[in-house]
Each structure stands twice: as C-alpha cells, then as structure tokens.
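This report describes the model shown below, from its overall architecture to selected residues.

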Amino acid sequence: MSTSKKDSTRPSRRSPRRSPVRVFTPEYLALLAERDEPDTAGEADTAGPWHVERNPKGGWAVLRQGESFDKSTVTIATATFERREAALLAAAVLPGTGRDPRFRLASEPDDRGHPILQDGRIVGHSEYFWEDFIASLNTLDALMASPRDFAFLLDAMGGLALEHVDKIAVARLAEPEG
C-alpha cells in the first residue's frame, strides 16, 4: 500500500515479489572461479552462520544457513554426527577454523619454554611444543569473539551442565582476583 498526499492509502501498482531462486548466475560464478580467491576466502567459507538439522540419511547435519535437506538445497552436509550435541559443537567451532590464528608457538624455546605468541608478541610460554594446545586456545578465542557460536556450545552442554556452570561462575565472582 502507498499513501497519497491526502493520507489515504491505495493499493500498490507493483505486483507481489517472488523470491529469486539464485542471486548469482552460473556464468557469473564460473567467471569468478577463474580468478584467484582473496585472502579472506578461507574465513568466508567457514564463517557460517551454521545450523543443525536432522540428516535424512541418519544423524545430525551441520549446514550453512540457506541450506536444508527439507528444501532440497543441499545433498551432502558439511559434517554429520550421530549425536546432536556433537553437531552443535561442530557448528560452534567451524567459524573459527577459517580465521587466522591469533596464538602461535615459537619454534625455538627460550629459558622459560616455548614462547606463545599473540600478534607477534610473547604472551606466555609452554613447557612443550604443543600444537594441539595452541589450536585449542585459538578455538576458544574464536568462541569468545562470537556470541552466536558460543550459544551452540551452551546448547550442546545441556541443562545440568549449565546449572553447574551457573553455580561455579557465581562462586568465582565472590573470589578475590589473584
């Protein structure tokens, strides 16, 4: 409806819009495929947003927003798990896998161990050259930066664990910082 100068409404002359099936034509996408991807391509590919739905072949699927087995917009999931909680964890960590890691290990130890670097500065040390430890730090760093992804983690934890988290967090607030 549109409003005239006399504040009355009249029907719009436009026909109702139908949602397009595709935004980009296959020809346009083929042209882009011939070019080098930008530096941000890896992050864009994993950024999501993600969602979890039942996979008709079994289990729980992790899919990009806009993809759905119900709407036949996808034939294979990015990941599939037997348990919903595992799929939620995958949805939570996938966006961080495409980010440049903020934490890195220096290859040569110093007198305190292997330096842990953040943005090129030493922010800590590790006794061992633990690449899995640093990968876990980067995963948690990514979750802290994305409340939406962190919510997947909370959902995967379930109610009982969250009740315990609540009690522990409240008790920690009362502790002096050390």
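## Basis of the description

Two residues are in contact when heavy atoms lie within 4.5 Å of each other. The model is predicted.

## Surroundings of Ser68

By the contact criterion, and leaving aside residues up to four places away in sequence, Ser68 touches Glu53, Leu63, Thr73 and Val74. Ser68 is located in the loop that joins strand E4 (60–64) to strand E5 (79–81).

Is Ser68 buried or exposed? Ser68 counts as buried because its relative accessibility is 8%, and the cut-off for burial is under 20%. The side chain of Ser68 also reaches the backbone nitrogen of Asp70, at 3.1 Å.

## Overall architecture

The chain contains 6 helices and 8 strands. Read from the N terminus, these elements follow the order β-β-α-α-β-β-β-α-β-β-β-α-α-α.

Of the 178 residues in the chain, 24% are buried. Among contacts in the chain with a separation of 6 or more, 32% are between residues 24 or more positions apart.

The chain exposes about 13,900 Å², of which carbon and sulfur atoms supply 54%.

Which residues make the nonpolar surface patch of about 340 Å²? Phe24, Tyr28, Leu29 and Leu32 form this patch. One of these residues, Tyr28, is placed in helix H1 (residues 26–33).

Definitions and conventions: Residues numbered from 1 in each chain as written. Predicted model: local features only at pLDDT ≥ 70, side-chain atom pairs only at ≥ 80, totals over all residues. Heavy atoms only, no water. Patch = residues over 30% accessible without salt bridge, like charges linked within 9 Å, V, L, I, M, F, W, Y side chains within 5 Å. Areas by Shrake-Rupley, 256 points an atom, 1.4 Å probe, with all protein chains shown as cover. Salt bridge = Lys/Arg side-chain N within 4 Å of Asp/Glu carboxyl O. Helix = DSSP H or I, 4+ residues; strand = E, 2+ residues; numbered from the N terminus. Buried < 20%, exposed > 50% of the residue type's maximum accessible area, 1.4 Å probe, protein only. Polar contact = N/O pair within 3.5 Å; in protein donor to acceptor, adjacent residues only side chain to side chain.
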